[in-house]
Amino acid sequence: MKYRNLFFALLFLGTPNVVFGACSIANLTRCLDSVCAINIGANPAARCQYCGDASAGEPAKSSAMKSISAGASAKYTISDKELKKAPKDPGERYVWATRQCLDKLKDCSSDDVSDNYDSLIEQSCKAAGISADFANLAQKANEGKSKNSCSREITSCLINEKRCNADYSKCESDADFDKYYAECSVLSTGCESFSKEIRSTLIANRDNAVKNADEILNTIVTAYQTSRENKLKNIQDGCKDSAAKKKCISMVCNNNMRHKCELGFEYEETLAGMLCKFYDTACDRLK
């Protein structure tokens, strides 16, 4: 067994009320999305804003907002009525969503949530680096070459993946930004009178996107590191005085032995000890 898998095995067998079943990641994701991915089709940053990091800003309010739970089976989603109880703070909302969904999907665990959904939140947090200014501009359609129409046209050209990209990752340097901005300005004919002002706005958007990307990724990295350290500490604590092994033996006796390893049936406890012997090997490797 690989070292990492050994950690998870220890945690799994050391956790009470474990249900031995296969977790449906698709249903788990569908459930979490019903809390954390409202209006995800129009707002790629939704998972980050609802269940990721408060610095990503509040989700945009719209009459066209659609919940994942709308029209879906209530078996694996949180209803709109239940969502009214969900916390507003992203961290608290993520914990709340996890509890609700684990109640619905008994075969899943908190590790299934962190192993499969954290990466989706991370991707959404990268999308959150895109300035909300562009989203506001894109909602307004004005006829002719107005300032707003020029802003939409130049911005759309600039954040194309062949130029700056949506997160401005290819334009972190002023030289790259100026090169692509000049190209987009030429393509957007009739916008000369607005060019200077639009450039200032997009420079600010670029700076904000780069800053947010760094801050959000640092937060995610710190959270992962803390989680790993806590898991390792729990495993090490379980090795002290063979506490984890004793707990395993007790669980096997109570759940799997006919006579519960009671007096006169010591052979059952011996058998339970053999089944839990892997804890000795695991703890030896941690020394």
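Buried means under 20% relative accessible area, exposed over 50%, and partly exposed in between, with a 1.4 Å probe and protein chains only. The exercises below use a predicted model, in which local features need pLDDT of at least 70, side-chain atom pairs count only at pLDDT 80 or more, and totals for chains, interfaces and linings use all residues. Residues are numbered from 1 along each chain as its sequence is written, and side-chain values use heavy atoms, with hydrogens and water left out.

**Exercise 1. Overall architecture**

Task: State how many helices and strands the protein has, and what share of its residues counts as buried.

Solution. 
Step 1. Helices (H or I, at least four residues) and strands (E, at least two) are DSSP runs, numbered from the N terminus. The protein has 13 helices and 0 strands.
Step 2. Of its 287 residues, 36% count as buried.
Step 3. Contact means heavy atoms within 4.5 Å. Among contacts with a separation of 6 or more, 62% come from residues 24 or more positions apart.
Step 4. Accessible areas come from the Shrake-Rupley method with a 1.4 Å probe, and for residues only the protein chains shown count as cover. The protein exposes about 17000 Å², of which carbon and sulfur atoms supply 53%.

**Exercise 2. Disulfides**

Task: Find how many disulfides the whole structure holds, then describe the pairs Cys-23 and Cys-108, Cys-36 and Cys-51, and Cys-48 and Cys-125.

Solution. 
Step 1. A disulfide is a pair of cysteine sulfur atoms within 2.5 Å. A search of the whole structure finds 10.
Step 2. The sulfur atoms of Cys-23 and Cys-108 are 1.9 Å apart. The torsion about their S-S bond is about 90°, so this disulfide is right-handed. Cys-23 lies in the loop between helix 1 (3-13) and helix 2 (25-36), and Cys-108 in the loop between helix 5 (90-104) and helix 6 (110-127), so the pair ties together parts that are 85 residues apart in sequence. Both Cys-23 and Cys-108 are buried.
Step 3. For Cys-36 and Cys-51 the sulfur atoms are 2.0 Å apart. The S-S torsion of Cys-36 and Cys-51 is about -80°, so the disulfide is left-handed. Cys-36 sits in helix 2 and Cys-51 in helix 3 (residues 46-51), so parts 15 residues apart in sequence are tied together. Cys-36 and Cys-51 are buried.
Step 4. Cys-48 and Cys-125 are joined with an S to S distance of 2.1 Å. Their link has 90° about the S-S bond and is right-handed. Cys-48 belongs to helix 3 and Cys-125 to helix 6, so this pair ties together parts that are 77 residues apart in sequence. Both Cys-48 and Cys-125 are buried.

**Exercise 3. Salt bridges**

Solution. 
Step 1. Side chains of opposite charge can pair when their charged atoms come close. A salt bridge is a side-chain nitrogen of Lys or Arg within 4 Å of a carboxyl oxygen of Asp or Glu. The whole structure contains 8 salt bridges.
Step 2. Asp-33 is buried at 10% relative accessible area, and Arg-47 is buried at 16%.
Step 3. Arg-163 lies in the loop between helix 8 (147-158) and helix 9 (174-187), and Glu-183 in helix 9, 20 residues apart. At 15% relative accessibility Arg-163 counts as buried, whereas Glu-183 is partly exposed at 36%.
Step 4. Arg-206 is in helix 10 and Asp-174 in helix 9, so the pair ties together parts that are 32 residues apart in sequence. Arg-206 is buried with a relative accessible area of 4%, while Asp-174 is partly exposed with 46%. Salt bridges that share partners join Asp-174, Arg-206 and Asp-207 into one network.

**Exercise 4. Thr-98**

Task: Describe the setting of Thr-98 in helix 5.

Solution. 
Step 1. Thr-98 has a relative accessible area of 14% and is buried.
Step 2. Leaving aside residues up to four places away in sequence, Thr-98 touches Leu-32 and Val-113.
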